[in-house]
Amino acid sequence: MTNLGTSKATLQITTPGDRELAMTRVFDAPRRLVFDALTKPELVKRWLLGPPGWTMPVCEIDLKVGGAYRHVWRNTKGKEMGMRGVYREIVPQERLVCTELFDEAWYPGESLITTTLVERGGRTTLTSTILYVSQEARDGVLKSGMESGVAVSYDRLAELLPSLGA
């Protein structure tokens, strides 16, 4: 297990199965606010940015089963990275299941992401479990250094959440 993060809360990365990667982080906010931050484009664009220097000029979310989402990130040099998927299951404030496919695939195949939100005492544990097409695809993602971008994004989310409760 790898623990990363710049704040007292850390991102935990585990491999629960041969083709799975799970990312877990606890946020000091009720799950309704975390769910909003995951599903409202105006909020997603404020935190899901990866390393410094990236923006999200495109964030489209059609939050219904069978609905699509689309994200496009752009860095300061103008390089873009796009991703899309389809929602397979939505249980408001509890669970999201969707596919993920990058425009320029940096790992093979489409992945399936299951995100759960569990609230205890006003704190929410977010766990995203990603199922890849193969163990090799999962291992390639693990070796990519993606966890540093996720950790930075989750730190941004942790900073954003208190302002949403106001």
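The largest pocket in this predicted model comes out at about 990 Å³, where a pocket is an open set of points on a 1 Å grid over the protein atoms alone that takes a 1.4 Å probe and has protein on both sides within 12 Å along at least five of seven lines. Volume here is the space filled by probe spheres set on the points. Of its 37 lining residues (an atom within 4 Å of a point), L48, W73, M83, E100 and V150 sit closest to the centre. By class, the lining holds 27 nonpolar, 9 polar and 1 charged, with Asp, Glu, Lys and Arg counted as charged, and Gly among the polar ones.

The second largest pocket has about 160 Å³. Its lining has 3 nonpolar, 1 polar and 5 charged residues, and β6 gives the most, with 3 residues.

As for helix packing, the axes (lines fitted to C-alpha atoms over the stretch in contact, with angles from 0 to 180 degrees between N-to-C directions) of α1 (residues 31-39) and α4 (residues 146-164) come within 10 Å and cross at roughly 115°. L33, V34 and A37 of α1 meet L157, L161 and L164 of α4, with contact meaning heavy atoms within 4.5 Å. That contact is made up of 6 nonpolar residues, no polar and no charged.

Residues are numbered from 1 along each chain. Local features need pLDDT of at least 70, side-chain atom pairs count only at pLDDT 80 or more, and totals for chains, interfaces and linings use all residues, while side-chain values use heavy atoms, without hydrogens or water.

Note on methods
Helix = DSSP H or I, 4+ residues; strand = E, 2+ residues; numbered from the N terminus.
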